[in-house]
Amino acid sequence: MSRLRLLLTNDDGIGAEGLRVLAQKVSEKADVFIMAPSGNRSGVSNSITMMKTLEIRSAGENMYSCSGTPVDCVVAALRSDFFGDVKFDAVLSGINQGANMGTDLIYSGTAAAARQASLYDIPAIALSVDSDDDNYNFNGLASFAAENLNYIISLWRKGAFVNLNAFSSERCGRIVPASLCNRDYHDKVIVEKSGDGWITRFSGGALETSGDSDNDFAVSRGGDIAFSLVASNPELLYRTGGMYGKDNSF
């Protein structure tokens, strides 16, 4: 059986540990190509660069940084001949440093990269790790992904992307279907006078998470990997309310 060919990207940037660990683990089972932002692009959602050129630089073998957004990386990799005649079997986005669950999916560049790939009918998986502090262990989710690549890709459905969330750990449990939680960030904008105008500063608050007992937050905190199949296509968003059923049906 021929090895899978995977495109990896993220929104934390080309030098992020989550991307490095994921690439290291899955490269044991697949041919890995990387196109990731040159720096942190967290929270840029589906932003795409249209009015200026992008700069792509080599960062290692089959590894490149892009001056644009996560979506720019996917577009450049899949809609040009940059990687020659390589046909990718799947796009993996992450592993993100921090959860991307529920409401986070609106803002997440990690999710956006997977969403863009799915719009091109390429199996797409977003992977994220949550933590209660600044210590993130990506080994658990990365190892699981590497050991179960074909199974994870098989979870994909046209018009959607696979969203996986795990808690920081050396070893993860099983994949469990999960509903999407609701996240209230309690954020605000601080406005200050500056000369003839004003400046603003974003200020995050205490995160509050709620939802059904089987939501992605609860599942990941229980030691398993929360799996949600999230619709990418606007028409599917309208028909499904944003997520496939737990049996992967509409």
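## A walk from the sheet to its helices

What you're looking at is a predicted model, so local features need pLDDT of at least 70 and side-chain atom pairs count only at pLDDT 80 or more, while totals for chains, interfaces and linings use all residues. Residues are numbered from 1 along each chain as its sequence is written, and side-chain values use heavy atoms, with hydrogens and water left out.

Back to that bridge. Strand 7 (residues 160-167) and strand 13 (residues 225-231) run antiparallel and are joined by 6 bridges. Two strands pair if DSSP finds at least two bridges between them. Strands (E, at least two residues) and helices (H or I, at least four) are DSSP runs, numbered from the N terminus.

Zoom out and you see an open sheet of 9 strands, with mixed pairing and the order 3-4-2-1-5-6-7-13-8. Its edge strands, each pairing on one side only, are strand 3 (56-60) and strand 8 (175-177). From one strand to the next, the twist averages 25 degrees. Helix 4 (residues 109-119) packs on this sheet and touches strand 1 (4-9), strand 5 (90-97), strand 6 (124-130) and strand 7; contact here means heavy atoms within 4.5 Å. The direction of helix 4 makes about 170 degrees with that of strand 6. For such angles, axes are lines fitted to C-alpha atoms (for helices, over the stretch in contact), and the angles run from 0 to 180 degrees between N-to-C directions.

Helix 2 (residues 70-78) packs against helix 4 at an angle of about 25 degrees, their axes 8 Å apart. That's why the two, helix 2 and helix 4, are called roughly parallel (angles under 35 degrees; over 145 is roughly antiparallel, 65 to 115 roughly perpendicular and the rest oblique). Their crossing is right-handed, meaning that the near helix is turned clockwise from the far one by less than a right angle, with anticlockwise giving left-handed. On the helix 2 side you'll find Pro-70, Val-71, Val-74, Val-75 and Leu-78, which meet Gly-109, Ala-112, Ala-113, Gln-116 and Ala-117 in helix 4. Sorted by class, this contact has 8 nonpolar, 2 polar and no charged residues. Ala, Val, Leu, Ile, Met, Phe, Trp, Tyr, Cys and Pro count as nonpolar, Asp, Glu, Lys and Arg as charged, and the others, Gly among them, as polar.

Now for another helix pair. The axes of helix 1 (residues 17-26) and helix 5 (residues 139-147) come within 8 Å and cross at roughly 30 degrees. Helix 1 is therefore roughly parallel to helix 5, and the crossing is right-handed. Val-21, Leu-22, Lys-25 and Val-26 in helix 1 meet Asn-139, Ala-142, Ser-143, Ala-145 and Ala-146 in helix 5. By class, that contact divides into 6 nonpolar, 2 polar and 1 charged.

A few backbone details are worth a look too. Strand 5 holds Ile-95, which a cis peptide bond joins to Gly-94, with omega about 0 degrees. In the loop between strand 2 and strand 3 sits Ser-45, with a positive phi of about 55 degrees although it is not a glycine. Asp-121, in the loop between helix 4 and strand 6, is another residue other than glycine with a positive phi, near 65 degrees.
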